[in-house]
Amino acid sequence: METTEALNHSLKPIRIVPKEDNEEGLTSMADHDEPLLSPMARLFHEPDCNLYVIAMIGFRTRIDPDVIKVKLMHTLLQHPRFSSLQVMSKENGEMRWVPTEVDLEKHVIVPDTTCLDMETPCDKYVEDYVFSLTKTKFDFSKPLWDLHLLNVKTADADSVAVFRIHHSLGDGSSLMSLLLACTRKTSDPKALPSIPVTKKPKSSAARSGKWWKVLVLVWNTIIDVLMVIATIFFLKDRDTPLRGSPNVGSTGRRVIHRTISLDDVAMIKNATNATVNDVMLGITQAGLSRYLNRRYGEANKNKKGSTKKKNNLPKNLSIRATHFMDIRPSAGIHNLVEMMEKGSKAKWGNRIGYVLLPLTIALRDNPLDYVLKAKAAMDRKKASLEALYVHSMAKSIPNIFGTKTGSVLCLIVPSRTTIWYSNVVGPEEEIAFFGYPITYIAPSCFGQPNAVMLHVVSYMDKMNMILSVDDTTIPDPHQLLNDLEESFDQIKNAAISRML
């Protein structure tokens, strides 16, 4: 990973092309007119916190790289974060966004795929290609993003684009909003996609006017903050087959995905009076329980067939998920223009917090119990300001202790949990990226200090589950996806039976 010293050294020869001409045609590092990186953006450059976003997008047809490059000039490159360098000052170590000219030939990569058999799906080729990308880092002498165009057929697409973006450029909601700004409805090629926005409900205390509910909110927040502090100093999840080695953040990642029916997820939601996120967390608990039961059974040298029936799980096994949340006042996907406006409540950038969510690992007779347990846990977390506290802590700690120490303190909490979890609401109708219809959207991350990360993203009538795993810890990631899908099927069947 890039260290601060290496980053500083690598930026020495950079000559910046400014937006406005000056006598020398250069932007001097002594000129502090360019905006500083936010504390959150700086954190993502520290060796222990060097995170990247990687997103696979499947298309219904083959794509023309020349068309993509022309379109990018008028869309993506108009965004200041994607046309700026992150330059460090030698004087005080500050990093600033400095505009530059972008050479698209260095950012849009088209690998040679002529040797591949185009008659058969190339899913393994795409998986290995993405795996290789997660083992390399960016050259800081250019804006921190690239786009890889793979004209290969897979099981669910005729071509695939792979975006790789440093997390300092923005969070999931920001980047999804930017993607939508580059797309149009396939039903109306001139219309932007409809943007689903999740309005956060007013607190139950405000609705009922009962002060005791305010006290509950305060009490829950105090307990959650104490748990965060305890995790900083000593509390960590027990070792399980899901826990990686201490250097797991520097390893390559297997990024794979599986699609399930969003309509069926909504049906389960209605049957349990839960939310879509509750359902997906229930599926996650059920899938992890199945997977760990098998892994513990294999470790105990049980026969492969018996691990599916016998309970091999340790008693009272509980792990935690770092559940990342958009902490903007109006959560969800927003219009890009709105996010860039001064004073907007839906600001661009890394506006994320997290909650430490307990996951009970067990084999249950009634599959719906997984969803009900997840709903109870999330209802408890909604009556707390934990996510806001964590975001405030991540912003203030680097200012108090310095970026290097701050990155260690901010990352130690999520590194002591077992799994990272995130969900993003996607477009409700089919969209086209520069005229190419999209079949799926599969974003994830690499560089995190956990062996397992699960993203869930909705698109049209589908819900996509995306795994990012360290394959030395999870040698069979497709089996984990199978367990998640089979758990979904069991929960769906139980919901159907309940509604009959």
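Predicted model: local features only at pLDDT ≥ 70, side-chain atom pairs only at ≥ 80, totals over all residues.
Trainee: At what angle do helix 9 and helix 11 cross?

Mentor: The axes of helix 9 (residues 276-299) and helix 11 (residues 368-382) cross at roughly 125° and come within 7 Å; here helices are DSSP runs of H or I with at least four residues, strands are runs of E with at least two, and both are numbered from the N terminus. Axes are lines fitted to C-alpha atoms, for helices over the stretch in contact, and angles run from 0 to 180 degrees between N-to-C directions.

Trainee: Which residues make that contact?

Mentor: Among them are Leu 281 and Gln 285 of helix 9, with Tyr 370 and Met 378 of helix 11, where contact means heavy atoms within 4.5 Å.

Trainee: And how do helix 12 and helix 13 pack?

Mentor: Helix 12 (residues 386-401) packs against helix 13 (residues 403-415) at an angle of about 145°, their axes being 7 Å apart, and residues including Ile 397 and Phe 401 in helix 12 meet others including Leu 409 and Cys 410 in helix 13.

Trainee: Changing topic, how many salt bridges are there?

Mentor: The count is 19 salt bridges, each being a side-chain nitrogen of Lys or Arg within 4 Å of a carboxyl oxygen of Asp or Glu. One of them joins Glu 127 to Arg 254, with the closest N and O atoms 3.3 Å apart.

Trainee: Where do those two sit in the chain?

Mentor: Glu 127 is in helix 4 (residues 123-133) and Arg 254 is in strand 9 (residues 254-261), so the pair links distant parts of the chain, 127 residues apart.

Trainee: Where is Leu 226?

Mentor: Leu 226 lies in helix 7 (residues 211-233).

Notes. Residues numbered from 1 in each chain as written. Heavy atoms only, no water.
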